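Take a look at the model below.

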Amino acid sequence: MPVQDNEKRHMTPSLTLFDKLWQEHCIQSDASGEDLLLIDRILLHERTGAVALEALREKGREVKTPAHVFCTMDHIVSNRPGRTRNEARTPGGDVFISSTRESAARSGVTLIDIDDARQGIVHVMAPELGIVQPGVSIVCPDSHTCSLGAFGALAWGIGSSAAEHALATQTLKQKKPANMRVTLKGALQPGVYAKDIVLALIAQVGAGAAANHAVEFTGEGVRQMSMEGRMTLCNMAVEFAAFTALIAPDEKTFEYLAGREFAPTGAQFDEALSWWRDLASDEEAAFDKDIILDTDALAPQISWGVSPEQSGGIDQTLPLMTDLPAEKEKAVENALAYMGLQPGQRLLGEAVDGAFIGSCTNGRIEDLRAAASILKGTQISPDVKAICVPGSQAVKRQAEEEGIAEIFKQAGFEWGEPGCGYCFYAGGDTFAPGARVVSSTNRNFEGRQGPGVRTHLCSPATVAASAIAGVIADPREAGGVRPV
Amino acid sequence: MKPFTTHRGIAAPLVRDNIDTDQIIPSREMKTVGKTGLSEGLFAGWRYLTPDARDLNPDFILNKPAFENASILIAGANFGCGSSREHAVWALAEYGIRAVIAESFGSIFRANAIRNGVLPVTLPRASIKRLATDIQDSAQPPQIEIDLNKCVLLMNGESEAVIMSFQLADAEREMLLNGYDPVDLTQKHSAKIEDFIRDHRIKRPWIYKDKI
């Protein structure tokens, strides 16, 4: 895979999409190269947003533009069917819910509460409601805010103190990152999805590869992808250290947004559209780093370690210690010990204890449809605890209307109320220590899904195929392989 | 914000790449809506043998007697990657960590650190290896002195003194040295911000949802 450093970029006036969005929002630059950027939209959730609103109040400051701030409950809300208004998944978590509700009411921001028909994971909900739009700058104290770059927005994750700054001033100070382009070439084979592409990319370039870069995904593969797929792709940009990801908007983007609650309407939509159509990198624009990924021969991917970079084709064998550069050896040894795996072994056929479908990475309707197409008319292995948590109330309703919910339930999946669910563990119900879990989420960090839980990141299709087989299975072969 | 000018202390080598914020503080340790009471949860998954009983893991670097007063961490590449949780920095600061030396940092973690008076020092891999090796080879870990005015780090090891310089953007350095509140700094430019918003409102009216 060619990776080039381009030196010519400073000689050409052509701009990347990222350059243009940056320029659009840059109020001023200071001598040390930090820019003051206008922030058009701020998203908050009960885990890291409440603390920002609370800190603001303690300092006697106010939210500058409440009409541009949207807050939801997603991180620690209960996923139990029939959950009540203050019910957290985490013991003691109700204080985050009530505090968020109080702070939101006091500050006048729009709150999408736990019992709101529009509630969902912030990065699923924001597009559904048209809060994210091409060309806007949008921040959230959540690292997966890069998902929203799929709409051609300047979207990035920040900390709570930075959120406090954005709330108080409608601006953020930021040094401009460099430009990276990832071009997807070729077609996708059946059973291979956006999740597989991005896992393959991270495995090849490494978890730190895009540090201080904004990544534009482009190429035929991106154009063919649905908005859902594009969001999955951009979602994982932070897993290779990118400042953010973005994709030039096109007709699919505009069609998706038309008629959404907070999207422009009527003449304003047309006015917006004429600007949105111009939002693309100039043909001659040069990137600081260029990566081309050929997806023609790509197999479904799965992680085997404790960093997303420790991933590979599902039919491959794990690395042998003798094949590794010395500096990687210790990390791989630790990872395999945590994961209960041996160097050189195959992953296919390894028994699984848990299966999870959901999260801001793969909790959208298209993800659920992909899994349902495999689960239809079958039963999962009785040894597997399987859970699906739709990304939002809208996704859940749609899945129920399409009969997908019924397929999941009949196959033996639990069907939960929308939220971040089992993607991370903050207490409460989860998988047992040592459990091997195939998961459509974004992070396989040690303990991420619970103390000692062994997470294998993969696509919803691979989760479904593995849940049926009771072992890690290839979604290209119905049902996968059975344990010997 | 607590200013950072100079600091002298023991540095604990935890030289792994990709130490994520879930390791620095697992989500289950974020128990209140606030910035305090988090140091108990620092590195909980590694520091304790069991999640609940809190029995100390004697093999974990910060539990070793020589490093129990460590106030500097030495890590590998991409330290603080993953979740944006600022609780990772709040936990480090509350525990007493004033600086983290690493080959690179997760960008959100790094920004969070600067906003909370925790100094992120970026050094090349070879320099980090050198520091860590010298510390591990010493009977008593030597102290490291960091001077942010000069952007220099000094370690008087058993063999010879090591002096390394590092870089930080001027604005970041100023903020740390003076303990500025970034909101106060920005609000000095409020006239310019209002002018920009007025023009932007005319140019992209559909973005504006507030009434004026």
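How many residues of chain B are in contact with chain A? Keep in mind that this is a predicted model. In it, 50 residues of chain B are in contact with 60 residues of chain A. Five helices of chain B each supply at least two residues of the side that touches chain A: helix 1 (21-24), helix 4 (107-115), helix 6 (170-178), helix 7 (182-187) and helix 8 (190-203).

Now go inside. In soluble globular proteins, nonpolar side chains tend to be buried together. Here the largest nonpolar core has 220 residues. Those with the most contacts inside this core are Ala237(A), Ala242(A), Ala371(A), Ile74(B), Val100(B) and Ile101(B). Helix 6 of chain A (residues 194-205) gives the core its largest share, 9 residues.

Pick out Ile101(B). Leaving aside residues up to four places away in sequence, Ile101(B) touches Ala11(B), Ile72(B), Ile74(B), Val121(B), Leu123(B), Ile128(B) and Leu131(B).

Next, turn to helix 15 of chain A, residues 404-411. Which of its residues are buried? They are Ile404(A), Ala405(A), Ile407(A), Phe408(A) and Ala411(A). What covers them? The cover includes helix 13 (365-375), strand 17 (385-389), helix 14 (393-401) and strand 18 (414-415) of chain A. Just after helix 15 of chain A comes Gly412(A), with a positive phi of about 115 degrees.

Methods: Residues are numbered from 1 along each chain as its sequence is written. Chains are lettered from A and ligands numbered from 1 in the order in which they are written. This is a predicted model: local features need pLDDT of at least 70, side-chain atom pairs count only at pLDDT 80 or more; totals for chains, interfaces and linings use all residues. Two residues are in contact if their C-beta atoms, placed from the backbone, lie within 7 Å. Helices (H or I, at least four residues) and strands (E, at least two) are DSSP runs, numbered from the N terminus. A nonpolar core is a set of buried Ala, Val, Leu, Ile, Met, Phe, Trp, Tyr and Cys residues joined through C-beta atoms within 7 Å. A residue is buried if 20 or more other C-beta atoms lie within 10 Å of its own, exposed if 12 or fewer, and partly exposed in between; C-beta atoms are placed from the backbone.
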